[in-house]
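User: Hey, I've got a structure open and I'd like to walk through it with you. Can we start with one pair of side chains and go from there?

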Amino acid sequence: MKYIDLNAWLGSWPFRALRDNTPDTLTRRLDRAGIGTAAVSRIEAILHRSVQPANERLAEDLEGFTDRLIPMATINAADRNWEGDLRRCHEDLGMKGARLFPQYHEFAVDGPEARKVVSACAERGLPVFMPHRIEDVRQRHWMDPGRMLDLNGAANLIAAVSGATVVIPNARGIAGSALWQRREIRDRDWYFDLSLAEVHYSLSLNVNQLGDLANFIDEGGADHLVFGTHAPFSYPSAARVKCAVLPVDEETLEEICYKRADRMLN
């Protein structure tokens, strides 16, 4: 099976040691997990006031690795220069998508700033990634705001911006959220990845609210699932194990593991 990881990172996180996290070490981790390609951003951009220097460094880092690692821009919708950043990242640096962090850059996920950025990305044919979380809020450092993405707001955003492709990596509780419960957006191009998804079990005390991945697939949710590992925060092989036990046929598994990502990243 071929795998395209839509949720990987380079660089460092100030609140937790991630060991050496360079293009070389990341590709070696992917090799050990049997993963061929990964979409990456610089972790540091999540906490930078100005994100573009991290985007520029990402482009430099990936020289010689573009056959394995796909650059993804970080865009701060609250920054007045975001349009120039997006133009530079897409047209000059060849980045294939944009990652937004409303809970860190302090703009509403369904507010006017986010809608403008997502609309601009849709016009450019770029998918937008908004992680539900970076780390589990229960283990956050006291300087990390540790907020999760508002999934109700994400549903509003998807409903408001036609033609957009939106991915919510690192999510749990999708089945019980507005993303799935609002039937009018079920045919829109929104997805979540395997990285933190629960398969045949639940780590939550409220099982009825969160459900699990198997039940979600039984309800038709497999069309909204893509492959992601959240490396190096998580072990890449964990997502591979989840693929091995998904209750789907071979054709659907191929869509999840690489075909959707292949189309998404053009």
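User: Okay, aspartate 92 and arginine 88 in helix α3: how many residues apart are they, and what is that in helical turns?
Analyst: They are four residues apart in α3, so about one helical turn separates aspartate 92 from arginine 88. Keep in mind that this is a predicted model.

User: What do their side chains do?
Analyst: The side chains of aspartate 92 and arginine 88 form a salt bridge, with 3.5 Å from N to O.

User: Is that pair buried or exposed?
Analyst: Aspartate 92 counts as exposed, because its relative accessibility is 52% and the cut-off is over 50%. Arginine 88 is partly exposed at 31%.

User: How many salt bridges are there in the whole structure?
Analyst: A search of the whole structure turns up 15. One of them joins glutamate 184 and arginine 182, at 2.8 Å from N to O. Glutamate 184 is partly exposed, with a relative accessible area of 49%, and arginine 182 is partly exposed too, at 24%.

User: What about arginine 260 and glutamate 255, buried or exposed?
Analyst: Both arginine 260 and glutamate 255 are buried. Their side chains meet in a salt bridge at 3.8 Å, N to O.

User: Which residues are in a network with those two?
Analyst: Asp223 and Arg263 are linked with Glu255 and Arg260 in a network of salt bridges.

User: Switching topic: helix α5. How many residues does it have, and how far does it reach?
Analyst: Helix α5 covers residues 112–124, which is 13 residues. From its first C-alpha to its last it reaches 19 Å, close to the 18 Å expected at 1.5 Å a residue.

User: Which residues of α5 are buried?
Analyst: Those are Ala114, Val117, Val118, Ala120 and Cys121. They sit on the same side of α5, because they cover an arc of only 160 degrees around the axis.

User: And what's on the other side of α5?
Analyst: There you find Pro112, Lys116 and Glu123, which are exposed.

User: What comes just after α5?
Analyst: Glycine 125 does, and it takes a positive phi of about 75 degrees.

User: Now the strands. What order do they have in the open sheet?
Analyst: The open sheet has six strands in the order β4-β5-β6-β7-β8-β9, with parallel pairing. β4 and β9 (225–226) stand at the edges with a single partner strand each, so one side of each has no neighbour in the sheet.

User: How many bridges join β6 to β7?
Analyst: Two bridges join them, and the two strands run parallel. Valine 128 stands opposite valine 166 in β7.

Technical notes: Residues numbered from 1 in each chain as written. Predicted model: local features only at pLDDT ≥ 70, side-chain atom pairs only at ≥ 80, totals over all residues. Heavy atoms only, no water. Salt bridge = Lys/Arg side-chain N within 4 Å of Asp/Glu carboxyl O. Buried < 20%, exposed > 50% of the residue type's maximum accessible area, 1.4 Å probe, protein only. Expected span 1.5 Å × (residues − 1). Arc of directions from axis to C-beta. Pairing = 2+ DSSP bridges.
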